[in-house]
Amino acid sequence: MDASTLLEILRHKQMEALEGGGKDKIDKQHQSGKLTARERIAELLDPGSFVEIDRFKVHRCTDFDMHAQKIPGDGVVTGYGAINGRQAFVFAQDFTAFGGSLSLAHAEKICKIMKTAMKTGAPVIGLCDSGGARIQEGVMSLAGYADIFLLNVMASGVIPQITAIMGPSAGGAVYSPALTDWIFMVEKTSHMFITGPEVIKAVTRETVTKEDLGGAMAHNAKSGVAHFAAPDDRACLAMIRELMSFLPQNNMEDPPRIAPTDDPCRRDEALREVVPTDPNKPYDIRDIIHSNLDNRYFFEVHKHWAQNIVVGFGRLDGMPVGIVANQPNVMAGCLDIDASIKGARFVRFCDAFNIPLIVYEDVPGFLPGTHQEHGGIIKHGAKLIYAFCEATVPRITVITRKAYGGAYIVMNSKHIRGDINLAFPGAEIAVMGAEGAVNIISRREIQEASDPKSERARRIAEYQEKFSNPYRAAELGYIDDVIDPADTRFHLIQALRMLRTKRDSNPPKKHGNIPL
């Protein structure tokens, strides 16, 4: 065969691979409001940077006449490229080819790029759009899932792993996303569930739609499985690119610092008025977060779930930081089961990837109630303690108002290796609020007083004077400084600059036993 013939064969095979399941199925994909696998990759990566791997790979199944049904690529497009000039590996399941179902060959393609990503120290991004295991392959497809799960665990804490659910994801297919660091979902077109509505109806007689069972908002607002919801494919991929701008390539690198365009000494006198003098009046902690960050930009994570705690990314003097903040606007900022899990997961990610933590504390305690106790608030609250105690990245806390009881300890206090602990002048650091404390400490004296009401008020005022301020803790060295709220940004940047060369470690061990 001459060279021109060989090249013609190559071009034909390339075109065949690019067509996926064919024009009709591509049109159907577009009609359902979804991009194709290749269009998604083109949207995600820098223009012209994608290099495909295993374009011609096909399955090896011969049962059920599958030997006559082969599509180059076998329902997944894999390779590498760049996001903002930094290398990233990607796989995108192709719903037009076998419904994106996973065969052993399909899994092998994914595993190949995951292994290469770990060797080269670059993130892996999975774009999932799959009908699940390829039933014709039986246990071979299950083995393929298991191979991926193992690599997800081996890569955890080594390279960032991001998943976008951009179509169906059911049964065993949901566990690889669950093992990754971040899950994005697209509203109306993506669904995740272990068992679908039909199985649920057959087993429990419960009727539920796909959207209510496992849609984007179900998992963003109710289960907490997903971290981000996007209105369409393009918005989802743009959000992934934005997230990537805060993350290092791997656990051996620092996060990418950019040249700052915001004055590090910028003051905001409005912050003096954000926290109400009435301790029972709510306010939005985001007002403080936005004010402190470079260009007032905050990339919030898990926005719709456990809203009594706020987490996300921003920059201070060009340096990416992770934010963990109690939210007085929701449940008075109390820590509950979901907030503890949300905070712990975020803290551990930041620690794994060398991202400094900024903590804003205004917490009256853990949420009381039988639902919380029987749901395991003791165990789940301990996860947040564990995460902060284990973290060795730079950690800075600002107490904006309340810091009561065990919750004071949990929110990155000096006692669990917080590096710099600051407080606003109106901060209250105590075992509990003045009224509750007086009810316990002075119950007998109040009851025996000639005017119990006046006596109670006097003792509350006395307790507030002694403990409802930051100075007792500052005298003991538990608070490093009491600051003017207007200068918070500069204090945070000063502390970060000082901590840039911080080195800390934990005792040698195989791994700890976090209270799961």
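Histidine 191 sits in strand S8, which covers residues 191-193 (helices, H or I, need at least four residues and strands, E, at least two; both are DSSP runs numbered from the N terminus). The model is a predicted one, where local features need pLDDT of at least 70, side-chain atom pairs count only at pLDDT 80 or more, and totals for chains, interfaces and linings use all residues. Residues are numbered from 1 along each chain as its sequence is written, and side-chain values use heavy atoms, with hydrogens and water left out.

With a relative accessibility of 13%, histidine 191 counts as buried (under 20% relative accessible area; exposed is over 50%, partly exposed in between, with a 1.4 Å probe and protein chains only). Its side chain makes a polar contact of 3.1 Å with that of glutamate 211 (N or O atoms within 3.5 Å; within protein, one able to donate a hydrogen and the other to accept it, and residues adjacent in sequence count only if both atoms are side-chain atoms). Leaving aside residues up to four places away in sequence, the residues that histidine 191 touches include Ile165, Met185 and Lys210 (contact means heavy atoms within 4.5 Å).

On to the cysteines. The disulfide count is 0 (a disulfide is a pair of cysteine sulfur atoms within 2.5 Å). For cysteine 236, the closest cysteine sulfur, in cysteine 128, is 11 Å away, too far for a bond. Cysteine 389 is in no disulfide either, and the nearest cysteine sulfur, that of cysteine 350, is 16 Å away. Cysteine 236 is buried at 0% relative accessibility, while cysteine 389 is partly exposed at 30%.
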